[in-house]
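Hi everyone, thanks for making time. I'll show you the structure, then walk through a couple of spots in it.

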Amino acid sequence: MKKIITFGTFDVFHVGHINILERAKALGDYLIVGVSSDQLNFSKKQRYPIYCQDDRLKIISSLKFVDEVFVEESLDLKLEYIKKFNADILVMGDDWAGRFDWVKDECSVIYLPRTPSISTTQIIEIVRSK
Ligand code: C2G
């Protein structure tokens, strides 16, 4: 069984998120998703996500192509998570291209093209400007 692992915040869930999870699952048999914690987001962006961690986990775990979810506590723990879940392939959007090549000894790394013209930041901006 080929296991895929991917990571993300998935705040204000949108079709770009669906597209990457759907394509990630199509690369194997079992999809594991690390949903970044509220604290990790705060330390990266100095703001908390709009949707809290528990709600983001609930949304991701209810998708038909997602088999397992967990909370991603730190960007630096990628290798530990990959080993813990025995993942064969790490999938990330190409906004992260090259950033996780350091785990390549442990598993394959594939960067998939992002869905154009949609992002959480853009949705927040549009809503804010109305
Ligand atoms: N994504 C995409 N197309 C978009 C928007 C996002 O393919 N239009 C992908 C991103 O490339 C990423 C995933 O959806 O692979 C989740 O995106 P974010 O929620 O923005 O995740 P991010 O904050 O980048 O967190 O360890 C890495 C982090 O947890 C990633």
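**A charged patch and some aromatic rings**

Let's start with lysine 44, which sits in helix α2, residues 38-45. Keep in mind that this is a predicted model. On the surface, Lys44 gathers with Lys45, Arg47 and Arg99 in a patch of positive charge.

Okay, on to the aromatics. Searching the whole structure turns up 6 aromatic pairs. One of them is phenylalanine 7 with tyrosine 81, a tilted pair at 5.9 Å centre to centre, with 40° between the planes. Where do these two come from? Phenylalanine 7 is in strand β1, residues 3-8, and tyrosine 81 is in helix α4, residues 78-84, so this pair ties together parts that are 74 residues apart in sequence. Phenylalanine 7 is buried, with a relative accessible area of 6%. Tyrosine 81 is buried too, at 9% relative accessibility.

Tyrosine 81 also pairs with phenylalanine 70: here the ring centres are 4.8 Å apart and the planes are at 50°, so that pair is tilted as well. Phenylalanine 70 belongs to strand β3, residues 68-72, and tyrosine 81 to helix α4, so this pair links distant parts of the chain, 11 residues apart. Like tyrosine 81, phenylalanine 70 is buried.

And which residues make up the cluster? Phe7, Phe70, Tyr81 and Phe85 form one aromatic cluster. That's my tour, happy to take questions.

Definitions and conventions. Residues numbered from 1 in each chain as written. Predicted model: local features only at pLDDT ≥ 70, side-chain atom pairs only at ≥ 80, totals over all residues. Heavy atoms only, no water. Patch = residues over 30% accessible without salt bridge, like charges linked within 9 Å, V, L, I, M, F, W, Y side chains within 5 Å. Areas by Shrake-Rupley, 256 points an atom, 1.4 Å probe, with all protein chains shown as cover. Salt bridge = Lys/Arg side-chain N within 4 Å of Asp/Glu carboxyl O. Lys, Arg positive; Asp, Glu negative; His and termini not counted. Charge placed at Lys NZ, Arg CZ, Asp CG, Glu CD. Helix = DSSP H or I, 4+ residues; strand = E, 2+ residues; numbered from the N terminus. Phe/Tyr/Trp six-rings, centres within 6.5 Å; stacked < 30°, edge-to-face > 60°. Buried < 20%, exposed > 50% of the residue type's maximum accessible area, 1.4 Å probe, protein only.
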